[in-house]
Amino acid sequence: MADQVTSLDELAKAVTDDLGGAAMVEETPREPVRDEFGRSYATGKRKDAVARVWIKPGSGKVTVNGKEMNAYFARPVLQMILAQPFTVAGVEGEFDVQATVKGGGLSGQAGAVKHGISKALQLYDPSLRGALKAAGFLTRDSRVVERKKYGKRKARRSFQFSKR
């Protein structure tokens, strides 16, 4: 870029050449991802639980493994976990959720469904991505139970030592 540049096109080419071909690229806006029924699908994971989640516009009905959310997740804490993505995105009562979840315990399953709802909401309406990402709902919580080692009672706990 030492010599004089006369037009914007030449300036862009000079900057591109100086950066080694890595010119700034405009980000294209994300497109909504929906199937022929107007639903968005996502997979959520937490501990050993895996949830398949479909969302579509509706009255806010949540079905998990063919049961109402209140019947499947009886504890209020677990119901609150499922409602968090809608609250953060500001769309409470606007989407129906149909989820199937396998593996793990109830707490892990609730986390998996929450993760799946967050990902599906972001696919249905890309403008919600910022709020969901800032709340950390799009990140898969990778913490899992540590495996048991041989010579140990549990993962790290030793057998009780007896001096005599």
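**Arg143 and its surroundings**

Leaving aside residues up to four places away in sequence, Arg143 touches Arg46 and Lys47. The model is a predicted one. Arg143 itself sits in the segment after α5 (129-134). Its relative accessible area is 58%, and because the cut-off for exposed is over 50%, Arg143 counts as exposed.

The side chain of Arg143 also has a polar partner: it makes a polar contact with the side chain of Asp141, at 2.8 Å. A further pairing spans a stretch of sequence: Arg143 and Asp48 are 95 residues apart along the chain, while their C-alpha atoms are 9.7 Å apart in space.

Of the residues touched by Arg143, one is Lys47, which belongs to the loop between β1 (40-46) and β2 (49-57). Lys47 has a relative accessibility of 40%; this falls between the limits of 20% and 50%, so Lys47 is partly exposed. The backbone of Lys47 deserves a remark: its phi is positive, about 50°, although Lys47 is not a glycine. As background, most residues other than glycine have a negative phi.

A positive phi also occurs at Asn65, again a residue other than glycine, with a value near 50°. Asn65 is located in the loop between β3 (62-64) and β4 (67-68). With a relative accessible area of 30%, Asn65 is partly exposed, because that value lies between 20% and 50%.

Note on methods
Residues are numbered from 1 along each chain as its sequence is written. This is a predicted model: local features need pLDDT of at least 70, side-chain atom pairs count only at pLDDT 80 or more; totals for chains, interfaces and linings use all residues. Side-chain values use heavy atoms; hydrogens and water are left out. Helices (H or I, at least four residues) and strands (E, at least two) are DSSP runs, numbered from the N terminus. Buried means under 20% relative accessible area, exposed over 50%, partly exposed in between (1.4 Å probe, protein chains only). Contact means heavy atoms within 4.5 Å. A polar contact is a pair of N or O atoms within 3.5 Å; within protein, one must be able to donate a hydrogen and the other to accept it, and residues adjacent in sequence count only if both atoms are side-chain atoms.
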